Amino acid sequence: MEQKPHTWYAVYTKPRWEKKVADALVRKQIETYCPLNRVTHQWSDRKKVVEEPLFKSYVFVRIPEDKKTLVRETSGIVNFVYWLGKPASIPEHEIDLIKRFLREYQDVEVERFPIQEDDLVRITAGPLMHQHGRVVEAGKNTVKAVLYSMGFSLIATVKTSDLMLLNNTNNTKEYTGAAKVGVGNVI
């Protein structure tokens with residue numbers, strides 16, 4: 001019987017648990033990658049280079065399909081990052097690219113794709129977690145999410161930090177902070 005190759009996945013962790021989660025996964029003999037960025041901090045009396053997770057609340061795991069439950073049961077893991085209803089697989093070359101980039105540079109910054117009108121987003125935290133929606137209006141620090149259910153529209157406010165861009169339909173507009181989102185079963 002031919003064994004399928006192991007696949008890289010992204011897992012979402014509790015805030016500031018990236019290193020703890022990576023250590024716990026290594027103890028379970030699961031291949032993990034927590035990209036660490038060398039950042040210089042300046043205090044009044046000294047400078048210090050520290051390693052901080054490049055992607056806040058994300059760790060990568062390389063596992064066969066049958067190890068997903070073992071990963072989910074790890075303390076500090078919220079869930080796998082999902083794309084189109086299933087755990088998103090990360091191509092090996094993208095993991096290699098991140099590793100090469102971090103070997104060559106320090107003080108790297110991660111920027112999210114700008115969120116703009118008509119983008120498809122997923123809410124990543126709070127009571128509306130895992131809901132999908134389409135951006136209908138850009139704003140500052142929160143979003144208004146329209147939830148379509150039973151023929152009614154319910155309006156909720158969601159922090160922009162709790163959104164994940166699922167697609168980027170127009171790369172020309174800059175995102176200024178928040179968006180109004182229509183949420184429902186759009187995928």
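Predicted model: local features only at pLDDT ≥ 70, side-chain atom pairs only at ≥ 80, totals over all residues.
The lining of the largest cavity comprises 6 nonpolar, 3 polar and 1 charged residues. Of the 187 residues in the chain, 39% count as buried. Among contacts with a separation of 6 or more, 70% join residues 24 or more positions apart.

**The cavity**

- A search of the whole structure finds 1 cavity of 30 Å³ or more.
- The volume of the largest cavity is about 50 Å³.
- Its lining consists of 10 residues, and those nearest the centre of the cavity are Tyr12, Phe80, Arg122, Thr124 and Met129.

- Helix 1 (18-27) and strand 4 (47-53) each contribute at least two residues to the lining.

- Beyond its neighbours within four places in sequence, Ser57 is in contact with Val11, Tyr12, Thr13, Lys14, Pro15 and Glu18.
- Arg16 is exposed because its relative accessible area is 75%, and the exposed class begins over 50%.

**Positive phi angles**

- Most residues other than glycine have a negative phi.
- Arg16 has a phi near 65 degrees, a positive value in a residue other than glycine.
- Gln29 also has a positive phi, near 60 degrees, and is likewise a residue other than glycine.
- Gln29 lies in the loop between helix 1 and strand 2.
- With a relative accessible area of 76%, Gln29 is exposed.

**Helix 3**

- Helix 3 (residues 92-104) has 13 residues, which at 1.5 Å a residue should span 18 Å; the C-alpha atoms at its ends are 19 Å apart, in agreement with that expectation.
- Ile95, Ile98 and Leu102 are the buried residues of helix 3.
- Viewed down the axis of helix 3, these buried residues fall within an arc of 60 degrees, so they line one face of the helix.
- His93, Arg103 and Glu104 are exposed on the other side of helix 3.
- The cover over the buried residues of helix 3 includes strand 1 (7-13), strand 2 (31-33), strand 3, strand 5 (58-63) and strand 9 (89-90).

- Val61 lies in strand 5, which is one of the elements covering the buried residues of helix 3.
- Val61 is buried because its relative accessible area is 0%.
- Not counting residues up to four places away in sequence, Val61 touches Thr7, Trp8, Tyr9, Val11, Leu25, Ile30, Glu31, Thr32, Val71 and Phe80.
- Among these, Phe80 is also one of the residues nearest the centre of the largest cavity.
- Val61 and Leu25 are 36 residues apart in sequence, while their C-alpha atoms are 8.4 Å apart in space.
- Thr40 is placed in strand 3 (residues 36-42), another of the elements covering the buried residues of helix 3.
- Thr40 counts as partly exposed because its relative accessibility is 31%, a value between the 20% and 50% limits.
- Leaving aside neighbours within four places in sequence, Thr40 is in contact with Lys47, Lys48, Val49, Gln106 and Asp107.
- The C-alpha atoms of Thr40 and Val50 are 6.4 Å apart, and the two residues are 10 residues apart in sequence.

Methods. Residues numbered from 1 in each chain as written. Heavy atoms only, no water. Helix = DSSP H or I, 4+ residues; strand = E, 2+ residues; numbered from the N terminus. 1 Å grid on protein atoms, 1.4 Å probe; cavity = no way out; pocket = protein on both sides within 12 Å on 5 of 7 lines; lining within 4 Å. Points joined across faces, edges and corners; volume = space filled by probe spheres on them. Nonpolar A, V, L, I, M, F, W, Y, C, P; charged D, E, K, R; others polar. Buried < 20%, exposed > 50% of the residue type's maximum accessible area, 1.4 Å probe, protein only. Contact = heavy atoms within 4.5 Å. Expected span 1.5 Å × (residues − 1). Arc of directions from axis to C-beta.
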